[in-house]
Structures are given as C-alpha cells and as structure tokens.
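Please read them with the structure open.

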Amino acid sequence: MGTGWSLQAVSPPAATQHGVQAALDLVVEQMSQWEPESDLSRFNRAMPGTWREIPAEFAHVVEVALDIARASGGAFDPGLGRITDAWGFGSARRTGRVPQAVQSGADRTIDFDPGARRIRRGEAAALDLSGIAKGYGVDLAAAWLLDIGVRHFLLEVGGELRGEGIRPDGQPWWVDVEMPPTSSIPPWRIALHDLSVATSGNYRRGFSAGGQHYSHSFDPATGRPIVNGISSVTVLHRDCISADGWATALTVLGSEAAVALADEQDLAVCVVVGDREHLSRAWRAMLD
C-alpha cells in the first residue's frame, strides 16, 4: 500500500503481528494497482464487457465502493483508473505533467453481480480502489484481531485508524485529527471507542506544473483534479472502509454539498477549507 501500519493492543498473542500483516498482504494481493498479478490488475487487463469472478474480499470492497458511488451521485468513481494513471497517480510512472487529452465522458461503468461475485467493466473503465481499499485493510485486520480474542486495540494503516475497546488505564483510544499544514485550526481530539476515522487530504499528494498545483483527488465529472478549495475531509464511522470511501467522495463535492450530503447520510464529517471548518449534524451531535 506504499505506507506503514502500527498497532497498540492489550495482551496480544505472539502471532498478532504476523496476522495483521497477512490481512494487509491479502488486500494488496487482491486489490493493488501496483501489483501486476493482483486480481484487480488482471481484471483491468481483461476485455471490456467480460465478466470475471473475484474473491469475496475484493467483491465486498467493490460493492461498498459502488454503493458510495451511487449515494454520492458519482463523486466516488471506482472506474477512474485510466484517468488517474494518465495524470501519474496510478500504477504508471508519475509524469509530473498535465495530460493533453482526458476522456471525461467515456464509459467507465463497473458492473457488479453480487450473486455470482463477478464484475465487468466498460470500455474506458479501469478499477482504482485506492480511495477505499486501505480502509478495508484496517477492517480486515481488525476483524482478525477480534476473532482471536483481542478486544482492546488501536490499529492504524497509513493514517486511517480504528479503535476497539479501551486502553489498560480505562481511557478510550484518543487520537488527534491531522489538519492541513496550511491551516491554523487546532486538531480535533477524538475518542475511538469502537469507531474508525479517515481523512482525505487535498495536500497529501500532487504535483505543480505551469505555476499551478494539481491534487491527487479527482472530480469524476471533469476527469481532472479538484479545484473546489477543500483542504481535507475527515469522516467518523463504525467501519473504516466507509470512513475511507466517504472521505474520498466528499472531498470532490465542495464544502456546502459535502456537508449537505453528510447530513442526508447521517455521517459525522468535518470539512476544512483554508482556516474554516464545516461540520455535519452528526459530528456536532458527538460534541454534546
């Protein structure tokens, strides 16, 4: 996944580190754009319109991704892989330049048949699950920990976190939300008690060309990096896959539309634009 992970756990057994790593390795094996023999890479090389059966974990992530895509009106687009590649943010080599032509209106449809656990793609579609798979990796490793009897832990993978139970001192797992480096807003301190948090930051990856900065966050409607002024979006959710995917989707929409959709979906969300915060109703309710 191009990042590291950490775990704080109460009385973990000896095999804990190996088990967590195995869960994360499975996500890479199935869903990595950067591994040429992953299930995702093989699907992207398959003929458009051809159904391909996929593993259960992969199918779950695709199903959640498509649910968020529908609920967000297309702000989350798991079929955006060719465009992210063209801009140098996918599996291809980073270009550091603006591509000359972008097919924003081409068929990027990803169809999913849950009964047969199979998927197919439109002619211009390539799966890119980088905006949601890391959160699923947190959930998969957390599920393994719970299955072996580890009930109290804080797991972090590349800045996405999930806390279960409490610390040995009886306190919840307190974490500070990362704020954009250009913002003077103090970070929120959150108690992750059976809760996950994910932040999508417009400042994290990108490149500059011709005096303009281009973000790694894309607007599927234009096929170009977002220019809506959002610096970061933080989402709290029971599941890290949902927190991760919704943080990606809401970053695309702009502050007003993002908060409106968060309220509609009852999501706890904090949107940062410069030195201003925009909070959803569910986030504000957690302050009481």
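1. Four bridges join strand S3 to strand S4 (residues 118–121), and the two run antiparallel. Ile-110 stands opposite Arg-121 in S4. Helices (H or I, at least four residues) and strands (E, at least two) are DSSP runs, numbered from the N terminus. Two strands count as paired if DSSP finds at least two bridges between them.

2. This is a predicted model, in which local features need pLDDT of at least 70 and side-chain atom pairs count only at pLDDT 80 or more, while totals for chains, interfaces and linings use all residues. Residues are numbered from 1 along each chain as its sequence is written, and side-chain values use heavy atoms, with hydrogens and water left out.

3. The open sheet has three strands in the order S2-S4-S3, with antiparallel pairing. S2 (52–53) and S3 (110–113) are the edge strands, each with a single partner strand, so one side of each has no neighbour in the sheet.

4. Helix H1 (residues 16–31) has 16 residues and reaches 23 Å from its first C-alpha to its last, close to the 22 Å expected at 1.5 Å a residue (1.5 Å times one less than the number of residues). Its buried residues are Thr-16, Gly-19, Val-20, Ala-23, Leu-24, Val-27, Gln-30 and Met-31. Seen down the axis of H1, they fall within an arc of 130°, so they line one face of the helix; the arc is that of the directions from the helix axis to the C-beta atoms. On the other side of H1, Gln-17, His-18 and Glu-29 are exposed. Buried means under 20% relative accessible area, exposed over 50%, and partly exposed in between (1.4 Å probe, protein chains only).

5. The whole structure has 14 salt bridges, each a side-chain nitrogen of Lys or Arg within 4 Å of a carboxyl oxygen of Asp or Glu. One of them joins the side chains of Arg-108 and Asp-77 (2.8 Å, N to O). Arg-108 lies in the loop between helix H4 (81–86) and S3, and Asp-77 in the loop between H3 and H4, so the pair ties together parts that are 31 residues apart in sequence. Both Arg-108 and Asp-77 are buried.

6. A salt bridge also joins Arg-238 and Glu-164 (2.8 Å, N to O). Arg-238 is partly exposed, with a relative accessible area of 35%, whereas Glu-164 is buried at 4%. Asp-139, Arg-162, Glu-164 and Arg-238 are linked in a network of salt bridges.
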